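Morning, everyone. Let me put the model on the screen, and then we'll walk through it.

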Amino acid sequence: MTFFESLLALLLGGILLLQVSRRFCLPYPALLAAAGVGLAFVPGAPQIRIDPALALPLFIAPALLDAAFDFPAGVVWRLWRPLFALAVVAVLLTAAVVAWIGWAFAGLPIAAAVALGAIVAPPDAAASMAVLNSVSMPRRTLAVLKGESLLNDATALLLFTAAVAVQQHGGIDGTIALELGLEAPGGIALGVGLAWLYRRIVRFVAGTLGGNLLEFVNTFWVWIIAEKLHLSAVLCVVAFAMTIARTAALRQPPRVRLHSYAVWETVVFLLNVLAFLLMGMQVRIIVGRMPAARLEHALGIAGLVILGVILVRLVWVIGYNRVAKRVRLLRGDYEPATLAQGVLVGWCGMRGLLTVATAFALPGDFPERDVIVLTAFAVVLATLVVQGATVIPLIRLLKLSDTEDLDRELASARTALAEAATGSLDGEPGDEAEHLRYAYRLEHAAVADPPSPEPLERRRALGLRAITAERKRLEALRATHEVGPDTYQVLQEELDFRALALTSDDERQIEAN
């Protein structure tokens with residue numbers, strides 16, 4: 001089979017496995033990774049190798065931008081205490097424990113052991129959400145898990161980059177220290193600057209398929225430019241996405257946003273599927289190079305690392321929450337998290353795409369690369385299977401499944417939006433305006449789907465004006481943290497569909513250039 005044929009067969013198998021995952025409520029990353037392992041040992045199965053330099057920009061950059069775009073910077077600031085505890089302290093603690101295991105039991109050089117710790121330390125919110133989407137969760141818990149994934153990627157990759165640089169350089173000197181010191185602030189500054197430039201360029205291709213392509217090309221270039229300048233590519237992409245998102249809600253036409261969201265969701269999901277399948281297929285290559293005794297030793301190391309990453313997170317999260325309950329400084333103005341919430345967040349430590357892609361990104365001549373990659377794969381597979389399969393029963397056991405937070409927040413925000421819309425129509429005469437006011441009064445009373453008034457053109461003009469007022473009010477609610485990211489996204493999509501229904505057929509078309 002040619003490479004293209006092999007890739008098509010791989011994707012077809014992935015689609016079938018996704019249906020199995022959905023039907024039996026299994027975490028799809030674990031199923032795909034396990035299938036990749038099984039496929040790798042089928043006689044005659046193709047071997048698809050991954051270029052280490054390609055792994056991080058290809059698999060991580062789009063997923064990271066997609067997640068950061070939907071996660072406002074204000075939420076990071078509001079939840080900085082638990083996010084710092086999870087995304088920085090927990091990652092560093094886990095990396096330290098794993099590095100000790102690698103150094104003491106696998107005989108890895110210190111820098112290589114730290115690289116292993118950085119690879120397996122960060123949990124992946126996408127892996128967690130793949131499991132948690134089937135149940136209702138407290139909004140704050142979900143926000144913390146999503147925010148953690150953005151920031152712990154940066155912590156882990158900064159540590160990974162430093163470890164690889166020190167290992168390949170043979171030590172640390174002034175030049176390396178200066179580069180590492182500038183990585184984080186330089187990456188953030190570069191991301192903001194590139195976002196400013198992008199906003200001035202993108203208006204020339206807005207509303208076209210070329211504009212959608214530019215979004216992806218630009219994402220990869222943002223990552224590559226940061227890497228070429230030896231800055232944090234993760235923080236650069238996150239800063240870029242959050243800066244763009246601050247004004248996109250009011251500037252971007254609804255049809256463009258809906259189309260863009262659909263494309264991004266599909267492509268990011270496709271990359272996730274490919275990454276987990278390809279990760280499994282690398283096992284055959286690695287195992288084939290290892291003598292039996294060395295393989296047995298490597299699997300023993302992997303078992304120790306798996307225990308380490310699970311226990312360190314559990315102990316740290318539960319311990320931090322118990323201390324924060326007594327020390328207000330550690331929790332801010334929020335009510336202290338319950339023991340049940342601490343247990344759940346501690347158990348939601350599934351490793352996923354970042355661990356897979358970072359393991360791929362190790363240079364080919366890195367010390368004990370096969371042992372590190374095999375260990376990383378074992379951690380991903382074990383955490384997805386063990387924790388992923390038990391997290392939903394754990395939620396039910398802890399009685400944390402809850403829809404009241406979202407329902408209450410949605411009801412309050414919808415009332416505010418309806419008031420903003422009717423206020424924008426004050427003083428407008430005619431049956432058309434009255435019909436719209438009546439429709440919004442119905443929404444205020446929790447009755448949806450207003451009837452379509454006539455004449456059509458006047459209805460369009462007044463309706464789009466009202467929706468613009470709602471958008472401004474929704475942005476104000478987000479700015480004052482009265483709505484969270486999940487509520488914001490639900491309401492924004494509702495407004496987009498309403499606006500799309502009010503536009504003409506020509507305006508709904510996506511141009512091909």
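I'll take the overall fold, then the packing, then the cysteines.

Ground rules. This is a predicted model, where local features need pLDDT of at least 70, side-chain atom pairs count only at pLDDT 80 or more, and totals for chains, interfaces and linings use all residues. Numbering runs from 1 along each chain as its sequence is written, and side-chain values use heavy atoms, with hydrogens and water left out.

The fold first. The protein chain has 20 helices and zero strands. Those are DSSP runs, numbered from the N terminus: H or I of at least four residues for helices, E of at least two for strands. Of the 513 residues, 50% are buried, meaning under 20% relative accessible area with a 1.4 Å probe, protein chains only.

Next, contacts, meaning heavy atoms within 4.5 Å. Take those with a separation of 6 or more: 83% join residues 24 or more positions apart.

Now the packing. A nonpolar core here is a set of buried Ala, Val, Leu, Ile, Met, Phe, Trp, Tyr and Cys residues joined through side-chain atoms within 4.5 Å. The largest one has 123 residues, and Phe59, Val120 and Trp223 have the most contacts inside it. Helix α16, residues 369-398, gives the largest share, 15 residues. Another core, of eleven residues, lies apart; Ala413, Leu477, Val483 and Leu495 are among them.

What does phenylalanine 59 touch? Leaving out residues up to four places away in sequence, Phe59 meets Leu271, Leu274, Ala275, Leu278, Leu353, Ala357 and Phe360.

Last, cysteines. There are zero disulfides, a disulfide being two cysteine sulfur atoms within 2.5 Å. Cysteine 236 counts as buried because its relative accessibility is 0%. Cysteine 348 is buried too, at 1%.
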